[in-house]
Amino acid sequence: MTSSEPLAKQFLGFDLSTQQLKGVVINEKREVLHESHVQFDTDLPEFRTHNGVITVLTKGQKPEVSAPVLMWVKALDMILERLRVCGADFSQIASLSGSAQQHGTVYWVNGAEETLKSLDEGQFLHNQMATSFASPTAPVWLDSSTTAYSQKLEESVGGPEELAIITGSKAYERFSASQIAKVASIRTTVYNKTERISLVSSFMCSLFLGKYAAIDYADGSGMNLLDIKSKEWSPQLLEATAPGLAEKLGDPVPSHSVLGQISNYFVERFGFNEECDVVAFTGDNPSSLAGMCLEEGDMAISLGTSDTLFMWLKEQKYLENGSVFVNPLNETEYMGLLCYKNGSLVRERIKDKCTKSKGWEEFGSLLQSTPWGNFGYMGLYFDEEEIVHPVQGEFKFDQDGRRIEKFDSHEVEIRALVEGQFLLKRLHLEDLDIPVESFSRIVATGGASQNQMILQVIADVFNAPVYTLDNKNSALLGAAYRALDSYSRFAKAGRKNENGAPLAQGLTLVCSPYSEALQIYTPMVEKCRAQMKSILPSIGDD
Ligand SMILES: O=C(CO)[C@@H](O)[C@H](O)CF
């Protein structure tokens, strides 16, 4: 297509999540035209991942969790083919953007940018990039093997609260700074051979841009390196993390920045328009916020591999066990986030254990067959070491709060798991002075948001109506919305468009709280606190 012809207004969004790569094409009215996905474990079995990652267990050490970078590159080749088979015409795409799992780091080897700039349209991407990475794997957000580096980072600025005031978060093992520090310390050759370090989001953006893409403010907020007030890398934290880090990161940019036009490789190989804008990619949670268009008083809950709570913040707020990121839609405002590793994978394990069919329908019926409060039985399940509290294991309690080995029935165990997951989240919000009264509605997204019984427990525990997006993939939609918004050359405030209409595809009310449930769940929050204290006595110590 020559550049003189008018660009049809279609927009392309990607979401590179833990277990899959998704792609969507929307029109100017934000209607979904085409959608496809590549599931890493099943579509790319040669990389031998489980739930999209590789876990290395070493005696006496925490598991190390990473993902093969070439798997992501190959998935990109595949998703474009699949979208084309679905009928997508890439010559109609006016701009594209993306979303990706946060905190992961990709190490481009010296000279890799030359390869990016001179890709041969006659070959697959992954064949040409096989030697472009100093490390063939990228440590990802499920890794928590960097405790020593996190502690050192906090000490470098005077402690966890000081670090959170600068970067929006205390040091988390999964955050990029600790991961980079570990690479620089024990894989020095890799670090010295690295000319650029990308987040998973800016890595994928680089492929489309044909050169290194800048890290955006919102996803950069998840690194423990960005000063979220000045929007610049903190010199103190760069110094404390690794030598010469600033030049390996490049300068961060506002999340709605148009970084350039698409690489000629995609014009020649896939028929993209040469004027197609490439908008900065961002993290999955900031992208979800863009896809959901939260209103004042909304709380979003993403029920994916990780369960993540997030909300729009006008000002920076200190979330002791959470994170504050620069807002992806308005860089003068923020977003708050609480992340829980033990989300859908734990629900899947208990579903498989407690149902004959191993199906979600039976899971929902058994959940519905037990009353609010579950006869006083409670459960706290942490298959992976949790983020908000460093605790791992399965903890079951009877009506008197005494530890027990097992529940008498499958339905009691299912409710104990689901109530426990959301009572713990309400407990953490209340400890951050964010009481349930703060929220007028909850917007649920992610795979498990299709399970009405789980949403009913959320409505009852938080005493708020629960809505879902007409399209569950809010991170994916947010990527396409941000491509559209930035193409329009103005970043929307994330609430309403210029005609006052909501930006999101639409919200559907799924369930409202039962008023009787409130008097049951409020005291259970205190029981949950007592149980957490019995598991982790240090909880709540000032
Ligand atoms: O670590 C997280 C947020 O801080 C997770 O939500 C990852 O982004 C999931 F990919």
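**A walk through the predicted model**

K396 touches M378, G379, Y381, R402, R403, I404, E405, K406, F407 and E413, when residues up to four places away in sequence are not counted and contact is taken as heavy atoms within 4.5 Å. This is a predicted model, in which local features need pLDDT of at least 70 and side-chain atom pairs count only at pLDDT 80 or more, while totals for chains, interfaces and linings use all residues. Residues are numbered from 1 along each chain as its sequence is written, and side-chain values use heavy atoms, with hydrogens and water left out.

K396 lies in strand β20, where strands (E, at least two residues) and helices (H or I, at least four residues) are DSSP runs numbered from the N terminus. With a relative accessible area of 6%, K396 is buried; buried stands for under 20% relative accessible area, exposed for over 50%, and partly exposed for what falls in between (1.4 Å probe, protein chains only). The side chains of K396 and E394 are joined by a polar contact of 2.4 Å, a polar contact being a pair of N or O atoms within 3.5 Å, of which, within protein, one must be able to donate a hydrogen and the other to accept it, and residues adjacent in sequence count only if both atoms are side-chain atoms.

The sheet around β20 is open and consists of three strands in the order β19-β20-β21, with antiparallel pairing; two strands pair if DSSP finds at least two bridges between them. Because β19 (378–382) and β21 stand at the edges with a single partner strand each, one side of each is left without a neighbour in the sheet. Between β19 and β20, which run antiparallel, there are five bridges, and L380 stands opposite F395 in β20.

The loop between β20 (393–397) and β21 (403–404) holds D400, which is exposed, with a relative accessible area of 55%. The side chain of D400 makes a polar contact of 3.0 Å with that of R402. Although D400 and G376 are 24 residues apart along the chain, their C-alpha atoms are separated by 7.6 Å.

β7 pairs with strand β9 (residues 194–199) in the antiparallel sense over five bridges, and the bridge partner of T105 in β9 is L199.

Helix α6 (residues 160–167) has L163, A164, I166 and T167 as its buried residues. These residues cover an arc of only 165° around the axis, which puts them on the same side of α6, the arc being that of the directions from the helix axis to the C-beta atoms. Among the elements that cover the buried residues of α6 are α5 (147–157), β10 (226–227), α11 (235–241) and β17 (323–326). Just after α6, G168 takes a positive phi of about 95°.

S169 belongs to the loop between α6 and α7 (176–186), and at 0% relative accessibility S169 counts as buried. A polar contact of 2.9 Å joins its side chain to that of S323. Leaving aside neighbours within four places in sequence, S169 is in contact with L163, A164, F175, N224, G322, S323 and V324.

The interior can also be followed through its nonpolar cores, each a set of buried Ala, Val, Leu, Ile, Met, Phe, Trp, Tyr and Cys residues joined through side-chain atoms within 4.5 Å. The largest nonpolar core has 103 residues, and those with the most contacts inside it are W72, L76, F203, F208 and F272. Helix α2 (residues 69–85) gives the most to this core, with nine residues. A second, separate core of 65 residues includes M299, V412, V418 and M524.

Finally, the cysteines: the structure holds zero disulfides, a disulfide being a pair of cysteine sulfur atoms within 2.5 Å. The sulfur of C339 is 17 Å from the closest cysteine sulfur, in C528, which is too far for a bond. C339 is buried, with a relative accessible area of 7%, and C511 also counts as buried, at 5% relative accessibility.
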